[in-house]
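Visitor: I would like to go through this structure and ask what stands behind each label. Please show it first.

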Amino acid sequence: VAGALGIPRAYGSYEALLADPEIEAIYNPVPNHLHVPLTLQAAAAGKHVLCEKPIALTAAEALQLRAAAGRVLIAEAFMVRFHPQWLRARALVQEGRIGNLRAVQMFFGYNNLDPANVRNRADIGGGGLYDIGCYAIVAGRFFFGVEPLRGIALIDRDPQFGTDRLTSALVDFGDGRRLDFSVSTQIAPLQRLQLCGSKGRIELGIPVNAPQGATTKIAIDDGSSLEGAGIVTETLPESDQYQLQGEAFSRAVRGEVALPYGVEDAIANMRVIDALFRSERSGHWEAVASD
């Protein structure tokens, strides 16, 4: 694989890679249950870590990364926060283009029935909430700009896999601000993100898997017509959100800029996931924990 991609150096194990003094940083894309162990192993070797989402299986597990984050940079790889469509939409919200943001609504689904796929293995952190519900939670936190207070979830689990195949949740951000989302691993593929304010609405058509290296469009609706007469479309420049994320992390490693999202941000996102899983068991609203 390294030869096919023109990569000059390959390793026979993670340990061999981490032992190479020329390696400054790693990207950790292993299955979810290994995110924290491998990140700690890399940090102990002095390597900065950009870790795939979710950064852990629980907030308590993610807390293990705090000490390591004092020695190296550790970030959770939510590439969407570097995409121009997310940045432009947030700027419009902050400018008051749609009035006061009241509701963030997201649907994200795909259909994956492969029992060997890591997303369908409950024992290693599979399931919809871990895999894609985390994006909806990030969306609420990103666009509201505050941390949520509580959440409630309704979860349907696959009888064979044991994973959550359809999760719907309501997350309360206080002051009448709410995130509601549904994510599914066994449904017709669809992605939509709506930002609904007191004066208008913004829609992102492919909020997560935006085409790499292509232009994207966001729709801005002034609310004047249910038939869409008040919708204007903005086309954003060609971009690759993975490249933008990598470049931002690289600049932070170089000390040129501060790391925009670190371990504390990752812990905060995990706390919401924890609350929703607790809600599945209790059937009630569950508070989002804090230190």
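Guide: Two strands pair if DSSP finds at least two bridges between them. Helices (H or I, at least four residues) and strands (E, at least two) are themselves DSSP runs, numbered from the N terminus. The model is predicted, so local features need pLDDT of at least 70 and side-chain atom pairs count only at pLDDT 80 or more, while totals for chains, interfaces and linings use all residues. Residues are numbered from 1 along each chain as its sequence is written, and side-chain values use heavy atoms, with hydrogens and water left out.

Visitor: What makes E1 and E2 a pair, and how do they run?

Guide: Four bridges join E1 to E2, and the definition asks for at least two. The two strands therefore pair, and they run parallel. Ile 26 has Val 49 in E2 as its bridge partner. Ile 26 and Asn 28 form the covered face of E1, while Ala 25 and Tyr 27 form the uncovered one. In a regular strand the side chains alternate between the two faces of the sheet.

Visitor: Why is Thr 39 called buried?

Guide: Buried means under 20% relative accessible area, exposed over 50%, and partly exposed in between (1.4 Å probe, protein chains only). Thr 39 has 0% relative accessibility, so it counts as buried. Thr 39 lies in helix H3 and touches Asn 28, Val 49, Cys 51, Leu 65 and Ile 74, with residues up to four places away in sequence not counted. Contact here means heavy atoms within 4.5 Å.

Visitor: What makes the pair of Thr 39 and the backbone oxygen of His 35 a polar contact?

Guide: A polar contact is a pair of N or O atoms within 3.5 Å; within protein, one must be able to donate a hydrogen and the other to accept it, and residues adjacent in sequence count only if both atoms are side-chain atoms. The backbone oxygen of His 35 lies 2.7 Å from a polar atom of the Thr 39 side chain.

Visitor: How do you know that the buried residues of H3 are on the same side?

Guide: The buried residues of H3 (residues 35–44) are His 35, Val 36, Leu 38, Thr 39, Ala 42 and Ala 43. They cover an arc of only 170° around the axis, which puts them on the same side of H3. The arc is that of the directions from the helix axis to the C-beta atoms. An α-helix has 3.6 residues a turn, so residues three or four places apart point the same way. The buried residues of H3 pack against several elements, including helix H2 (14–18), strand E1 (25–28) and strand E2 (48–51).

Visitor: Why are E11 and E12 said to stand at the edges?

Guide: The open sheet of nine strands has the order E11-E10-E9-E8-E4-E7-E6-E5-E12, with mixed pairing. Strand E11 (231–239) and strand E12 (286–287) each have a single partner strand, so one side of each is left without a neighbour in the sheet. Elsewhere in the sheet, strand E9 (residues 201–204) and strand E10 (residues 214–221) run antiparallel, joined by four bridges.

Visitor: How do you know that Gln 241 is buried, and what does its side chain reach?

Guide: Gln 241 has a relative accessible area of 2%, so it is buried. Gln 241 is in helix H8 (residues 241–253). Its side chain reaches the backbone oxygen of Val 208 at 2.8 Å. Met 79 touches Gln 241 and Val 208, among others. Met 79 is found in the loop between strand E3 (74–76) and helix H6 (84–94), and is buried too, with a relative accessible area of 1%.

Visitor: Why is Cys 134 not counted in a disulfide?

Guide: A disulfide is a pair of cysteine sulfur atoms within 2.5 Å. The structure holds zero disulfides. For Cys 134 the nearest cysteine sulfur, that of Cys 51, is 11 Å away. Cys 134 is buried, with a relative accessible area of 0%, whereas Cys 196, at 25% relative accessibility, counts as partly exposed.

Visitor: What makes Asp 175 exposed?

Guide: Its relative accessible area is 66%, so Asp 175 is exposed. Asp 175 is in the loop between strand E6 (164–172) and strand E7 (178–184). Phi of Asp 175 is near 55°, a positive value in a residue other than glycine.
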